[in-house]
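Dear colleague,

I am passing on the structure we spoke about, and below it you will find my notes on what turned up when I went through it. Please read them with the structure open beside you.

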Amino acid sequence: YALLCISKDCEWRFKASSINKSELFKVREFNDNHTCPLKDKVYEQRQASSSLIGGMIRPKLTNHKRKYTPRDIIDDVKSDLGVNVTYMLAWRAKEKAINFLRGEPVDSYKKLPEYLYTMDMTYPGSHIRIVKSPKNEFMYVYISLYVFIRGFDHCRPIVVVDSSHLKSYYTGTFVSTSTLDGAGHILPLAYGVIGSENDVAWTWFFEKFKIAYGERENMCIVSDRNESIIKSISRVYPDVPHFACINSHAKLSEIYFSMAKAYTQAEFDNLMEKVEKVDIMVKEYLELVGYEKWTRLYDLLTGDGQ
């Protein structure tokens, strides 16, 4: 095997041959001296394409839980290849590597109707819906499997709502509802994707949820303080109380959890004084939310405690 410079008059060359026809190679000749006008380009303007970098970083992206940022890619390319690359080039390389490993997002969306049909046939009695725009573009999807629906009949009527923004090319928001079974394990109730967290999208999601699960006695819905969620619940479930999730107040979590579980007024007042010393605005916010929405003490005092 021989590698020569692109310039015919250049003395740079690299020659190697296999050892006894094995996968091992021995370098027979290597002249590292460029004697051509390409010298400056070779040594001073070295570049790496997004495709080259994408192929290099694929093994580091096989684990979807690993956090591997464009900044990490920039550092690795500099360390491994000795080349400086821009943030945008590193970002494009990561996108190409992910698309190679997982496929193009547009192809996945094209397969969604077929996937949902197969799921509906596999789990009869499920409630699965998809909505497209007049241009036949994806908008919403809702999924409640039959096993989820039957399982909820044997759980307390507490529905916890959560959401997470998708970071793919088409963005959107992944939404879900869940509850706890008798063993204290999480039981999913419904999940889906909406375009964005607005009133229309959340109302559509809860309308589908009500078709699948109806409205149970003593039912309550727990979520963060997202205004669209609160408005949608009041429209679709006007008689079902809404409670604020204590996990959404992580900054003062230790004090907050203690207040939420307090049984006596003295204990509650003492903890609230600690909150006020840290940040008076947090105290005002908690008052605005309504103590009965997130505390055991005031929930019992109002007679809504189960």
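What share of the 306 residues of the chain count as buried? In this model, which is predicted, the figure is 35%. The chain holds 12 helices and 10 strands, and its C-alpha trace spans about 90 × 55 × 40 Å along the principal axes. The radius of gyration is 29 Å, whereas a compact globule of 306 residues would have one near 19 Å. The accessible surface comes to about 19800 Å², and carbon and sulfur atoms make up 53% of that area.

Turning to charged pairs, the structure holds seven salt bridges. In one of them the side chains of E29 and K15 meet at 3.9 Å, N to O, and this pair links strand β3 (residues 25-31), where E29 lies, with strand β2 (residues 13-18), where K15 lies.

Lastly, Y87, M88 and W91 make a nonpolar surface patch of about 320 Å². Of these residues, M88 is found in helix α4 (residues 87-102) and, with 46% relative accessibility, counts as partly exposed.

Definitions and conventions:
Residues numbered from 1 in each chain as written. Predicted model: local features only at pLDDT ≥ 70, side-chain atom pairs only at ≥ 80, totals over all residues. Heavy atoms only, no water. Patch = residues over 30% accessible without salt bridge, like charges linked within 9 Å, V, L, I, M, F, W, Y side chains within 5 Å. Areas by Shrake-Rupley, 256 points an atom, 1.4 Å probe, with all protein chains shown as cover. Salt bridge = Lys/Arg side-chain N within 4 Å of Asp/Glu carboxyl O. Helix = DSSP H or I, 4+ residues; strand = E, 2+ residues; numbered from the N terminus. Buried < 20%, exposed > 50% of the residue type's maximum accessible area, 1.4 Å probe, protein only. Rg over C-alpha atoms; globule rule 2.2 N^0.38 Å.
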